[in-house]
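User: I have a structure open and would like to go through some parts of it. Can we start?
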Amino acid sequence: MKKSFLFFLFGIFSIVAVFAQQTIVKGSVIDATTKEPIPDVTVTFEESGLSTKTDALGQFVFNKNIPLGEQILKIEKVDYTSERYPIVVNEGETLDIQDMFLIYNASDKKDLYIISISDDQLNSDDDGLTSNVSGLLQSSRDVFLNAAAFDFSATFFRPRGLDNANGKVLINGLEMNKQNTGRPQWSNWGGINDLQRNQEFSMGISPNDYNFGDLAGTNNIIMRASKYRKGGRLSFASANRSYEGRIMASYSSGLLENGWAFSVLASRRFGEGGYIDGTLYDANSFVASVEKRINEKHSLNLTSIYAQNRRGRSTAITQEVFDLKGRKYNPFWGEQNGDLRNSRIRRIEEPIIMLNHYWNISDKTSINTNIGYQFGEIGNTRIDNGGTRLVTFQGQDSYIGGARNTDPTYYQNLPSYYLNVDGGPTAYNYEQAFLAQQEFQNNGQFDWNALYIANINSENSIYALQEDRIDDKQLMANIIFATELTEEIRLNAAVNYRNLKSENFAEVFDLLGGSGYLDVDFFSDEPPQSIDGTVTTAQSDIRNPNRIVRDGDRYKYNYEIEANVVSAFAQAVFKYNIVDFYLAGNISKTDYQRNGLFENGYFIGNSFGKGEKSEFNNFGLKTGATLKITGRHLFGVYMTKAPTIRNTFANARQSNMLLDDVDSETITSIDASYIFRSPIVKARLTGFYSKFEDVTETGFYFSEGAGNSLVQEAITGIETQRIGAELGIEAQVTPTIKLKGAASFGQYTYSNNPNLSLYSQDYGTGKAIFGDGKTYLENLHVAGGPERAFQLGFEYRDPDYWNIGITANHFSNAYIDPSALKHSAAFVTDPELYTDTQFQDATSGGQTYVVAGGEINDIDPEIARDLLQQEQFDDYMLVNIIGGKSWKIDDYYVGFFATINNVFNQEYKTGGFEQSRRVDYRSQIDEQTNVNGPIFGNRYFFGNGTTYYLNVYVRF
């Protein structure tokens, strides 16, 4: 008994001795103003790179692999000024550093990214098609990603050549990417910056606690009421880029003694026009977040977001139009009764409601359950100039009417049209071109009065303002699980479900002085079929033929899409002395189904009711490792993704047809990084390679090279690769001066010749292809901003709370988006030899019709090579200046933040595309040799000139 007791005492003393000899560094971080603890602060030993984060109470602990002796402890969090604390670590001792403070220093720099995203979307017919991925990066402290988000974003620059659809945006753990396009709809939460400062960003395919993620990273915006620092903020902003002014007010209670917390925000953004003429801005946003901490284990949070947005749009223009009117020109607006009115208005009103339950089962295990609901509408207006009146003669219907194109930049309004004459222009042609030039320069805006006059003098409106509507109702739910199995192993898992019911239709928005509009297709007045004298192909809905519609009525097309996505992911993260690594997997099932509410005259039997359900099963695997001693990181992923809704249907507005050969895309990617940290220098160098296979892209256009038809182009089986390197480096050369640099060097190209198919109402349930059905894109560059970007800059932060920074940014190797039709056999096919009969044959049994014959046989290979050469844009440099100042007046903080972008007013092209109207060899020669430039030349997006942003705020 005595012997046992001695062994027991020996064991106790041994354990005590072990703990007594353990080296521990712990402490806490608080807000310098409110003295409240700050969660999620990154605490790092600078020399070794050993890091951790503070918990909900602002506490942190290091108890393994702690470097000894004199060290620098760096604490940092987005929206706070970083601090460096010198410490001395002695072996076997505990160092307790309580109440280290960070100074809240949130500026509205993030607004710059939001303005950039909004401008890019404004210039595109498709949300985010031209917008970059920088929105995902705004919460990162990485030097390169900061440059990409704030200085490169105005150029359509895409880090690693990735699109917005390659990144995930979450709010409180729920995915917000749209199922129609795969991209986040930024306007759904625009204007609520003050309540979106708590963000967790996972770079690239690094591990993420909430979601499997994607190549461009995952950003989770945390909108829990208890996570906001207590206080309020009132700000006013002035700018000349998107909106002219913004007012924002917010207040957060912090966590009250009774367990309640709330946050509210209201803002308004407004302007008659941004940098581009006629681009009005009218947006109002409201947010309320309420949380109840039931006990130490359970909390409930309710968040509601309402962000209404109405914008006037602009468009890409040709070089001819740019030369005549400049980069501020916008053909969509004109004067009406002394006011500016834009014919292309984009309206977004999609409120979001979400309920979140947080359950801390123990100190190491938690379950987060979320449910959300989003509903509302997106509308895009445009002029419909196909109005007619019905004439019945001897029992047969016909339609009289229609009107010319109202676009001021319509090709017949421009000088180049009058100079495109066989044998060369004459003196008369030059006179006509001069008159057209003078008219366009003096009166080249939209003529609203002409439309009203034409309608008043007509039986039915021949012009109407059409709004294309998308009314979505989406239910989102997930359960997120996290546990620490041991001190070295952390497990994350989630199950997600999303259900979308989307109504898509055209609505008569304004009859423009008329009394009604005949809902028929004017171009079908010579039909191949009719029933009882009624022209069936002309009918949007044969169940209601020759219908007169009025304001608020649905017409032209009307259908529903239902989509379901079920997914699950699991992830294990291992952290050891020398190496950290992780493994993650994801599975998902996606299905889409169309339900037609109109029976289109071109697609009788294949447009009304439910169509075939399209289903996709997908999976993903990713892994990565960090070797702590050398600072090397290696990540890899193999995943498949379902195509988006828009890339699944052949022509969803008119029929239930699915695209042929559509499959899930496959993505393989690997990247390797070297990270260097010292008390003065912080740097990251990354090399990356990504391969995309079986990608599908779609588009709509009118083409003479496709039988003078409005077609949907479907490019399937696309393979692309992206290879390159990126570098970010900064040096804190003095306590107040920081030098920084960033560079991206990439090459993003097509690696195969994918399939090209054309669908049209003229082809019925069939499709048309040219030659072998390929488009020869291999080795052409994937458009999407400059492939190379370089930055040099400095920041000065004065101890008296003012700062200034200057960056010089150089961009190069940006390319035009190539026309797939131009790079197909259509280039060598003479369109004058096409016949309507040939294309109508495509409707027989839904077969594929190969457009053959009429091959152009006098092609000069050198000339053809020049005509097919992908245009590369000129290099350019942009200089930006940023600065601010803050004061403390009693309990209030007053400050301003300002920036000037493109200081030297540089002119540059940010993107563009080749038109597909005239693509054959002979037409291209005519286009390129025309005296005043091509009639259907490339269309370009031009960057803004010198712009400013100024924000003044009061914080308490």
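This is a predicted model: local features need pLDDT of at least 70, side-chain atom pairs count only at pLDDT 80 or more; totals for chains, interfaces and linings use all residues.

User: Ok, Ser-202 first. Where is Ser-202 placed?
Analyst: Ser-202 belongs to strand β11, which covers residues 199-202.

User: Is Ser-202 buried or exposed?
Analyst: Ser-202 is buried, because its relative accessible area is 10% and the cut-off for buried is under 20%.

User: What does the side chain of Ser-202 reach?
Analyst: It reaches the backbone oxygen of Pro-207, at 3.2 Å. Leaving out residues up to four places away in sequence, Ser-202 touches Pro-207, Asn-208, Gly-217 and Thr-218.

User: New topic. How many salt bridges are there?
Analyst: The count comes to 50. One of them is between the side chains of Lys-64 and Glu-488, at 2.4 Å from N to O.

User: And where do those two sit in the chain, Lys-64 and Glu-488?
Analyst: In distant parts of the chain, 424 residues apart. Lys-64 is in the loop between β4 (59-62) and β5 (69-76), while Glu-488 is in the loop between β27 (464-484) and β28 (489-510).

User: How do Lys-64 and Glu-488 count: buried, partly exposed or exposed?
Analyst: Lys-64 is partly exposed, at 35% relative accessibility. Glu-488 is partly exposed, with a relative accessible area of 23%.

User: What about Arg-684, which side chain does it meet in a salt bridge?
Analyst: The side chain of Asp-142, at 2.7 Å from N to O.

User: Are Arg-684 and Asp-142 buried or exposed?
Analyst: Arg-684 counts as buried at 7% relative accessibility. Asp-142 is buried with a relative accessible area of 19%, and the cut-off is under 20%.

User: Which residues are linked in a network of salt bridges?
Analyst: Arg-347, Glu-377, Glu-467, Arg-469, Asp-471 and Glu-507. Within that group, the side chains of Asp-471 and Arg-469 meet at 2.8 Å, N to O. Asp-471 is buried, with a relative accessible area of 9%, and Arg-469 is buried at 9% relative accessibility.

User: On to helix α6. What span should its 17 residues have?
Analyst: At 1.5 Å a residue, α6 (residues 427-443) should span 24 Å.

User: Which residues of α6 are buried?
Analyst: Asn-429, Ala-433, Ala-436 and Phe-440. Seen down the axis of α6, these buried residues fall within an arc of 60 degrees, so they line one face of the helix.

User: What covers the buried residues of α6, and what is on the face turned away?
Analyst: The cover includes α4 (319-325) and α5 (415-419). The face turned away from the buried side carries the exposed residues Ala-427, Tyr-428 and Asn-442.

User: Last one: what is the order of strands in the open sheet of four?
Analyst: The order is β4-β1-β8-β6, and the pairing is mixed. β4 and β6 (80-81) are the edge strands, since each pairs on one side only.

User: How do β1 and β8 run, and how many bridges join them?
Analyst: Strands β1 (residues 24-31) and β8 (residues 94-104) run parallel and are joined by seven bridges. Lys-26 has Asp-96 in β8 as its bridge partner.

Definitions and conventions:
Residues are numbered from 1 along each chain as its sequence is written. Side-chain values use heavy atoms; hydrogens and water are left out. Buried means under 20% relative accessible area, exposed over 50%, partly exposed in between (1.4 Å probe, protein chains only). A polar contact is a pair of N or O atoms within 3.5 Å; within protein, one must be able to donate a hydrogen and the other to accept it, and residues adjacent in sequence count only if both atoms are side-chain atoms. Contact means heavy atoms within 4.5 Å. A salt bridge is a side-chain nitrogen of Lys or Arg within 4 Å of a carboxyl oxygen of Asp or Glu. The expected span of a helix is 1.5 Å times one less than its number of residues. The arc is that of the directions from the helix axis to the C-beta atoms. Two strands pair if DSSP finds at least two bridges between them.
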